Amino acid sequence: DFTNLSVWLAGRLRPLVAQGHSIILAGQSFGGMIALDYVARSTQDANMAQVSSLVIMNSSPAFGKIGGDFQSKFIAARLAPLKQGKTMREVALGIVPGMLGRRAPASCHDEAVEMMAAVPTATYEAAVPCVASFDRRSSLRSLSLPVLCIAGEDDKTAAPEVMRVMAG
């Protein structure tokens with residue numbers, strides 16, 4: 001869950017802050033959710049390393065209405081190939097094309113497939129419902145650090161309009 005992910009991230013950031021580094025936290029897609037969750041939690045927890053600014057790329061402050069039909073369908077669709085006995089490489093080959101922009105070079109596709117194929121199946125199976133449970137909309141107004149929101153024009157999940165609303 002996001003609590004554990006934020007605790008994990010805090011453990012990686014604390015030594016950098018202790019060495020005097022200023023933290024600019026950047027996250028893309030699921031990583032953007034982790035980054036946003038971390039920053040929201042760090043405002044309430046003095047033990048977490050403070051971040052000086054945040055960059056969110058192709059991500060969203062929420063994944064729809066928690067417990068909604070959309071989430072259930074998303075989880076079922078993303079996990080179905082594994083239940084059918086497919087490998088993570090086969091899952092990646094089915095998902096990656098829908099994640100890339102129409103002008104993405106073939107090398108981008110191949111690298112994304114390789115990265116996703118390297119994800120352990122158990123990690124993927126845990127991450128999918130985790131993503132579907134994300135909702136940090138209520139935390140956005142309380143952020144007091146600079147935040148840069150970036151979206152790709154072809155992004156279907158975190159479209160430019162979603163990013164504009166989040167930035168607002």
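Modeller: Here we go from the overall fold to one residue.
Modeller: This is a predicted model, where local features need pLDDT of at least 70, side-chain atom pairs count only at pLDDT 80 or more, and totals for chains, interfaces and linings use all residues. Residues are numbered from 1 along each chain as its sequence is written, and side-chain values use heavy atoms, leaving out hydrogens and water.

Biologist: How many helices and strands does the protein chain have?
Modeller: Seven helices and three strands. Those are DSSP runs, numbered from the N terminus: helices are H or I with at least four residues, strands are E with at least two. The order is α-β-α-β-α-α-α-α-β-α.

Biologist: What share of the residues is buried?
Modeller: 36% of the 168 residues. Buried means under 20% relative accessible area, exposed over 50%, partly exposed in between, with a 1.4 Å probe and protein chains only.

Biologist: Switching to S133. Where is it?
Modeller: S133 sits in the loop between α6 (121-132) and β3 (147-150).

Biologist: And how does S133 count, by relative accessibility?
Modeller: Partly exposed, because its relative accessibility is 37%.

Biologist: Which residues does S133 touch, not counting those up to four places away in sequence?
Modeller: F2 and I66. Contact means heavy atoms within 4.5 Å. F63 is 70 residues from S133 along the chain, yet their C-alpha atoms are separated by 6.8 Å.

Biologist: What does the side chain of S133 reach?
Modeller: The backbone oxygen of C130, at 2.7 Å.

Technical notes
A polar contact is a pair of N or O atoms within 3.5 Å; within protein, one must be able to donate a hydrogen and the other to accept it, and residues adjacent in sequence count only if both atoms are side-chain atoms.
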